[in-house]
Amino acid sequence: MASLPPSTRFDATYEGDTSTMNPARCDVRTWIGASKVALSAPIDDVVLALSELISNAIEAAPGCIYRVRISVEADRLGLNVTNNGTVVLPESTQWSPEYDLASSGRGLAIVAAVSDSVETFTEDGATSVVAWFLQAAPE
């Protein structure tokens, strides 16, 4: 379980099993609340993106640890999920399933829909997906 300091970074690892999804979601929701980051998107969108990214990480590398990191920059929050798989991710134009009734294949499309931008990369035997969320403009 992660410690939840009021800082500009969150970094935690979880076992690559679906039973860790809810603890990860709770940790991130709690950390964002404690950090006082004001986002332009609802926190539920960040948690939904996290769920999809964790699901993809577990599916790509079952049983392997995955890492959740959050970084807060001047105007945005980055939600990064990394696993030890080296799955070749499809181009962003192919993030929707080929068939409307497909049982899988919507995760990255959902993440792209609820976030402001998405980046993917594979490096040193690990695959990372970063969903970016803009911070709310000051009032």
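## Terms and model

A residue is called buried when its relative accessible area is under 20%, exposed when that area is over 50%, and partly exposed in between (1.4 Å probe, protein chains only). This is a predicted model, in which local features need pLDDT of at least 70 and side-chain atom pairs count only at pLDDT 80 or more, while totals for chains, interfaces and linings use all residues. Residues are numbered from 1 along each chain as its sequence is written, and side-chain values use heavy atoms, with hydrogens and water left out.

## Thr-20

Thr-20 has a relative accessible area of 12% and is therefore buried. Thr-20 lies in the loop between strand 1 and helix 1; helices (H or I, at least four residues) and strands (E, at least two) are DSSP runs, numbered from the N terminus.

The side chain of Thr-20 comes to 2.9 Å from the backbone oxygen of Glu-15. A polar contact is a pair of N or O atoms within 3.5 Å; within protein, one must be able to donate a hydrogen and the other to accept it, and residues adjacent in sequence count only if both atoms are side-chain atoms. With neighbours within four places in sequence left aside, Thr-20 is in contact (heavy atoms within 4.5 Å) with Tyr-14, Glu-15 and Tyr-66.

## Strand 2 and its partners

Strand 2 covers residues 66-72, and five of its seven residues are buried. Strand 2 pairs in the antiparallel sense with strand 1 (residues 9-14) over six bridges, and with strand 3 (residues 76-83) in the antiparallel sense over seven bridges. Two strands count as paired if DSSP finds at least two bridges between them.

Val-68 in strand 2 is the bridge partner of Ala-12, and Val-68 also stands opposite Val-81 in strand 3. Strands 2 and 3 form a hairpin, with three residues between them.

## The largest nonpolar core

A nonpolar core is a set of buried Ala, Val, Leu, Ile, Met, Phe, Trp, Tyr and Cys residues joined through side-chain atoms within 4.5 Å. The largest one has 31 residues, of which Tyr-66, Val-68, Leu-77, Leu-79 and Phe-133 touch the most other members. Elements giving two or more residues to this core include strand 1, helix 1 (21-35), strand 2 and strand 3. Helix 2 gives the largest share, seven residues.

## Helix 3

The buried residues of helix 3 include Gly-107, Leu-108, Val-111 and Val-114. They are on the same side of helix 3 because they cover an arc of only 135° around the axis, the arc being that of the directions from the helix axis to the C-beta atoms. Helix 2, strand 4 (117-123) and strand 5 are among the elements that cover the buried residues of helix 3.
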